[in-house]
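Hi everyone, thanks for coming.

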Amino acid sequence: MSPDAGPPAPVSFWTAFGFWFKLGCISFGGPAGQIAIMHAELVERRRWISERRFLHALNYCMVLPGPEAQQLATYIGWLMHRSWGGIIAGGLFVLPSLFVLIALSWVYLRFGDVPVIAGIFYGIKPAVTALVVHAAFRLGSRALRNRAMAAIALASFIAIFAFGVPFPAIVVAAAAIGIAGARWAPAGFAPPAASGHGAPGRAQGKLDDSGAARLPPAVIDDDTPTPAHARASRGQMLRVLTIGIALWGLAFGALAAWAGPHGTLTQMATFFSKAALITFGGAYAVLPYVYQAAVDQFQWVTATQMIDGLALGESTPGPLIMVVAFVGFVGGWTHAVLGPDAVFVGGAVAATVVTFFTFLPSFIFILAGGPLIEATHGRLAFTAPLSAISAAVVGVIATLACFFAWHVFWPQGLGGHIDAVAVVIALLAAIALFRFKVGVVPLLAACGALGVMATWALPGLR
């Protein structure tokens with residue numbers, strides 16, 4: 001599509017439904033990979049939303065507790081097709097992962113050692129490492145548009161990688177820098193100029209003001225007016241909060257009445273409701289909290305099972321925090337929440353309960369807070385701290401890439417041997433992504449097949 005072409009035709013609800021379902025099935029790679037997929041599909045390929053509006057929504061989701069990629073899908077779905085659009089987008093982001101994890105958890109508990117699945121996981125992990133590196137490059141090429149943004153990203157990387165600074169502290173520091181920058185150095189913290197549609201001089205070229213390739217108009221473009229349903233309203237916010245709290249109360253009350261106030265399902269609902277409100281910094285920030293409760297306090301899973309569950313969560317579509325569905329399934333199975341003759345159904349029910357209470361707050365945050373965020377579009381006092389946060393997140397994503405590489409290439413720690421097969425798979429995946437622009441699904445399928453072959457034919461190299 002030419003950069004000077006008109007915007008695409010409006011997107012129907014069912015066309016969006018099909019995309020969100022597809023996204024839920026291919027959203028591998030953790031939040032970095034998932035955001036990269038949405039950026040490539042929605043901003044670059046389909047042109048449903050502009051670069052600036054996409055980053056504006058992403059920055060808001062980054063400062064919320066909960067899985068930012070799922071919240072971003074919810075936000076864009078809501079912006080395009082009202083509340084039901086957001087519910088469908090966010091729900092379909094999670095449901096395929098829930099079904100896959102229930103199935104894999106059953107296989108894990110029922111059959112124990114599954115060499116083929118282990119081989120697939122072995123091949124996918126290096127591919128995920130390459131996906132995260134690729135995502136950091138793609139997002140960094142847009143967000144790090146000047147030296148100030150690059151400096152924030154570098155400081156973020158050093159803070160979290162070298163000194164273990166908590167992610168919420170990095171977000172607060174970046175926001176403070178952005179607030180100061182909006183006042184004292186606005187040029188360095190202003191969002192990139194509009195795509196250039198009709199702008200003098202730029203309109204004849206193919207570069208925007210940041211020097212990046214200029215994209216064609218989008219359905220929701222930089223200057224597209226906020227739709228009526230997305231305009232800030234106190235009454236609308238109160239309705240969403242009331243409905244959300246009522247849903248939580250009804251579900252929790254039903255569980256407490258059925259399973260008892262101290263039953264396993266009620267305990268899970270209570271704990272994961274609290275966890276959902278403190279998951280700043282993504283899944284890795286909250287996993288120690290989940291580990292402590294699930295292993296030590298409630299004994300829903302063992303330490304070994306928790307590690308295996310994390311591997312499943314890393315290797316399935318959906319947010320990494322979906323590892324909580326594995327915790328729920330194993331806890332429901334081992335505690336026989338529906339009786340010893342229905343352990344599978346009990347595990348599935350527990351996984352569903354955990355997923356509902358973990359993700360309900362995310363929908364409330366987006367549907368209630370989205371209109372306020374739309375009202376700030378284009379205001380430097382708000383966009384400057386969010387631009388700084390976006391730059392800091394690039395550093396965090398780079399840290400995640402290092403974390404994956406460390407654990408995938410040196411499975412026994414830095415003092416052990418390097419896994420040469422994993423390194424080769426990661427390099428091949430990186431070449432496929434950077435040089436040949438291979439899609440996520442064929443990439444993961446190919447790497448999974450390589451992993452199976454490696455575990456069968458070359459066990460000595462692992």
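Let me begin with a question: is R53 buried or exposed? One thing to keep in mind as we look is that this is a predicted model. R53 counts as buried, with a relative accessibility of 3%.

How many salt bridges does a search of the whole structure find? The search gives three. Let's go to E41 for the others. The side chains of E41 and R45 meet in a salt bridge, at 3.0 Å from N to O. Both sit in helix α2 (residues 30–45), and because they are four residues apart there, about one helical turn separates them. In general, an α-helix has 3.6 residues a turn, so residues three or four places apart point the same way.

E41 also forms a salt bridge with R46, where the closest N and O atoms are again 3.0 Å apart. Together, E41, R45 and R46 are linked in a network of salt bridges. Now look at how these residues are placed. E41 is buried, with a relative accessible area of 14%, whereas R45 is exposed at 56%. R46 counts as partly exposed, at 24% relative accessibility.

Now for the nonpolar side of things. Which residues touch the most other members of the largest nonpolar core? They are W20, M38, F54 and L72, in a core of 85 residues. Helix α15 (residues 380–409) gives the most to this core, with 14 residues. Apart from this core lies another, with 39 residues, including L98, V295, V301 and A351.

Setting aside neighbours within four places in sequence, M38 is in contact with W20, L23, V43, F54, A69, L72, A73 and F93.

Two of those partners, W20 and L23, bring us to helix α1, where they are among the buried residues. The buried set there also includes A16, F19, G24 and I26. Helix α1 covers residues 13–26, and its 14 residues reach 20 Å from the first C-alpha to the last, close to the 20 Å expected at 1.5 Å a residue.

Terms used
Residues are numbered from 1 along each chain as its sequence is written. This is a predicted model: local features need pLDDT of at least 70, side-chain atom pairs count only at pLDDT 80 or more; totals for chains, interfaces and linings use all residues. Side-chain values use heavy atoms; hydrogens and water are left out. A nonpolar core is a set of buried Ala, Val, Leu, Ile, Met, Phe, Trp, Tyr and Cys residues joined through side-chain atoms within 4.5 Å. Buried means under 20% relative accessible area, exposed over 50%, partly exposed in between (1.4 Å probe, protein chains only). Helices (H or I, at least four residues) and strands (E, at least two) are DSSP runs, numbered from the N terminus. Contact means heavy atoms within 4.5 Å. The expected span of a helix is 1.5 Å times one less than its number of residues. A salt bridge is a side-chain nitrogen of Lys or Arg within 4 Å of a carboxyl oxygen of Asp or Glu.
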